[in-house]
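Dear colleague,

Please find below the structure that I am handing over to you. My notes on it follow directly after.

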Amino acid sequence: MHDMSDEPQPRRPDQGWAPREPQAAAAPGDKKGTRPPRTGWRRYLPTWRTVLAAALVTAALVVGGFFLGYHLVQIPAANALATQQANVYLYADGSVIARDGDVNRENVTLGQISEDAQHAILAAEDRDFYTESAVDPEAMIRAAWNTATGKGKQSGSTITQQYVKNYYLRQEQTVTRKVKEFFIAIKLDRNQSKDEILEGYLNTSFFGRGAYGIQAAAHAYYDMDASELDAGRAAYLASLLNAPSQYDVITHPENRQAVENRWNYVLDGMVDEGWISEGERAGMKFPTPKETTHSTGMSGQRGYIVDVVKQYLTENDIVDEDTLDTGGYRITTTLHKDKQDAFVDAVNDRLMDRLDQENRKVDTYVRAGGASIDPGTGKVVAMYNGIDYVKQYTPNATRRDFQTGSSFKPFVLTAAVENRSRTQDGRRITPTTLYDGTSERPVQGWPGARYAPENEDHRDYGDITVREATDKSVNAVYAQMAVDVGPDEVRRTAIDLGLSEDTPSLDDAGPSIALGVATASVLDMAEAYATLANHGEHSGAVLVEKITRGGENVELPERRTRQAVSRQAADTTTAVLRGVVENGTATAAQTAGRPAAGKTGTAEEDTAAWFAGYTPDLATVVAVMGQDPVTAGHKSLYGAMGLPRVNGGGAPAEIWGQYTREALEGRPVRAFDLRVQPGAWESQPPPSDSTDSPSSSDRPTDRDSGTPDDEDTGSSTPDDTDEPAPETPGDGRDDSGTTGTTTGGGDGTTDDGTETGGGGTGSSDSNGDGDDRTGPAGLTGALTQHTRRDE
């Protein structure tokens, strides 16, 4: 029985809806307890779960980013600067003439770079290049630490990365560029060999002095090819990569100690890697670079040579202009540096140094051009084009706008012998053929307009031999001879010898063709005279010996020789032209000190004076020209150098003599070996009355006469016995074939005179050297003077 009470009874904890009391914390040993909350600084540290999660996310992002970057970043095309190269023009001996293009770079293969140079670059920039990956994070960290601690500025990039920067990217220091560099380097390392990458790096690195690539650098600092670099020089070039401008000890001598420290660092690295021995290293001295190397710009003769060679390459379909402009060609010319220098010296000594441009306005008009050819090969061994390409940029050796004057006359004689031509009255044309040398004598047998050219100083010679007429440059004789031979035959012979078919005023010149109205270039004339020197065998002027690109040879046209004219025709002309040098208008050429043949010439109004001559070893043509430096119009040279006039026997022959003597110095003196036409020195009767002579179309020629002269057996004429047999006694001439009278007008001061008949105008040769000054004539009756400007 339970006790009953009016007091409320307490509920038990597990009964009813009353809330629970909070439970006490578990005892320390109670396993069912929870981790107490963090307090203090520990609550700011991430838990291991957070760290793990973050690491996994970061790794995923890095891996994903890497694959995304590797996928998105492609190897781009090379940047414009990296592909630009210069064309290198070389003398025949391999020395550099010039480099053209905006960037001084010449790419070479790894095999064209010395091993010392390769090892020096590796020692300076990346010693583990061949064993490491394309990128080296450890090297980046190490370089940054060394730089920060004062151990010297070092690149954290591998050679592969540097090559990527040089060849594919720009030089700016940005995160974007570095990221691209990273991925491209990895891809490039998979696509190219280490050798290919090293070769590219060596061709794209900048070494200072405007030189890109180790080949250009080798020339800029030591004037040699990269293949010739030894360890000492290579180590200096490798040092330059660290600071190209500051480490040039010539321009910054104050930095020499720092440079030598870097140089020693590179050499020590080469020893450490076993690329050079301790003994080699111990004996090395710092190789100070040259203060001045040969200029490779366009000043002086260099720019002219580049222009002329470019024209030669394009005209001969060797390399077209657009392809040549891309650069990278190594062009070895036929020019000889010693002869080139001798030509410049001769022009300066005999012409330029005599000018007084401040006090004589006419001296400002003076220009000079010259070309020299080896007759046996056709190779152009020297050219003179002007005082300086950057001042006068028209090449005077190749321009075709000045008359050749009497230097053209030998082609008439050659054509006469070659075609076995006869005079109007049927006499065979030989060096002893007599012509009427009366000044202003009308040419006979020409169906065109009347043509009566004047002789020098209006001199009348009467009956005169062809040889005398050549010595004295008698216009009346040669105009008649041109008609006797036929102007078309003369033109064909001139072209066969070497003149261009496109020579202005060569067509339709009529009798005036003999007086040199054609405006051939100096180089054209040198080629033609070289053919005469080579016994009529024509090789064509050659300017390029070899051309390569990227180490590969570019095919050159096959050299072909042909017998342009018979040996008798060429040698007979040579025998006659010897007299011009010995006792004619070109005695100044005797200073060459060798047997020589040649011809002087003067253009209309003394706008140009020529001497074209040759020895058995060298054919050279020199022209002095008059041109207004402002209008570019042709100007007379009366009074130049303080002389009454400039003629072919003056400065041109003097230049020729000095140049030829120096160019052939040390070579044995050779005599001419001549085979002249049969009966060349036999005396002939005087011309008959022209009114009774047969017409040109009716007169017999050697080709159909059946005389022994048709035999192609020339008489041998050694150099020391080429004097003709005495003329017929009583004709007023001595044994040498010269008249007993002297040439008048030695001071060359006689005024000009002209005689016009029909459509032709004769123009006198009034300069003291006996040259003619060709005037307007022929079929057109007049020459049109054109004002020309430098192009």
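Lys409 is buried, with a relative accessible area of 1%. Please note that the model is a predicted one. Lys409 belongs to helix 15, which covers residues 409-418. Between the C-alpha atoms of Lys409 and Ala482 the distance is 9.1 Å, although 73 residues separate the two in sequence.

Thr470 also has a relative accessibility of 1% and counts as buried, because the term applies to anything under 20%. Thr470 sits in helix 16, residues 466-472. Beyond the neighbours within four places in sequence, Thr470 is in contact with Tyr478, Val576, Leu577, Val580 and Lys599.

Turning to charged pairs, the structure holds 27 salt bridges. In one of them, Arg262 pairs with Glu125, and the closest N and O atoms are 3.6 Å apart. This pair links distant parts of the chain, with Arg262 in helix 10 (residues 256-272) and Glu125 in helix 3 (residues 115-125), 137 residues apart. Both Arg262 and Glu125 are buried.

A further salt bridge joins Asp606 to Arg645, with 3.9 Å between the closest N and O atoms. Here the partners lie 39 residues apart, in loops: Asp606 between strand 14 (597-602) and strand 15 (608-614), Arg645 between strand 16 (619-626) and helix 21 (651-663). Asp606 and Arg645 are both buried.

Arg667 forms a salt bridge with Asp617, and the closest N and O atoms are 3.5 Å apart. Arg667 is in the loop between helix 21 and strand 17 (673-676), whereas Asp617 is in the loop between strand 15 and strand 16, 50 residues away. How do the two partners stand in terms of burial, buried or partly exposed? Arg667 has a relative accessible area of 39%, so it is partly exposed, this class lying between 20% and 50%. Asp617, at 6% relative accessibility, counts as buried.

Finally, the cavities. The structure holds 3 cavities of 30 Å³ or more, and the largest cavity has a volume of about 60 Å³. Its lining residues divide into 4 nonpolar, 6 polar and 2 charged; among them are Ile373, Pro375, Glu527, Asn534 and His538. Helix 19 (522-533) and strand 10 (537-538) each supply at least two residues of this lining, and the largest share, 3 residues, comes from helix 19.

Yours sincerely

Note on methods:
Residues numbered from 1 in each chain as written. Predicted model: local features only at pLDDT ≥ 70, side-chain atom pairs only at ≥ 80, totals over all residues. Heavy atoms only, no water. 1 Å grid on protein atoms, 1.4 Å probe; cavity = no way out; pocket = protein on both sides within 12 Å on 5 of 7 lines; lining within 4 Å. Points joined across faces, edges and corners; volume = space filled by probe spheres on them. Helix = DSSP H or I, 4+ residues; strand = E, 2+ residues; numbered from the N terminus. Nonpolar A, V, L, I, M, F, W, Y, C, P; charged D, E, K, R; others polar. Buried < 20%, exposed > 50% of the residue type's maximum accessible area, 1.4 Å probe, protein only. Contact = heavy atoms within 4.5 Å. Salt bridge = Lys/Arg side-chain N within 4 Å of Asp/Glu carboxyl O.
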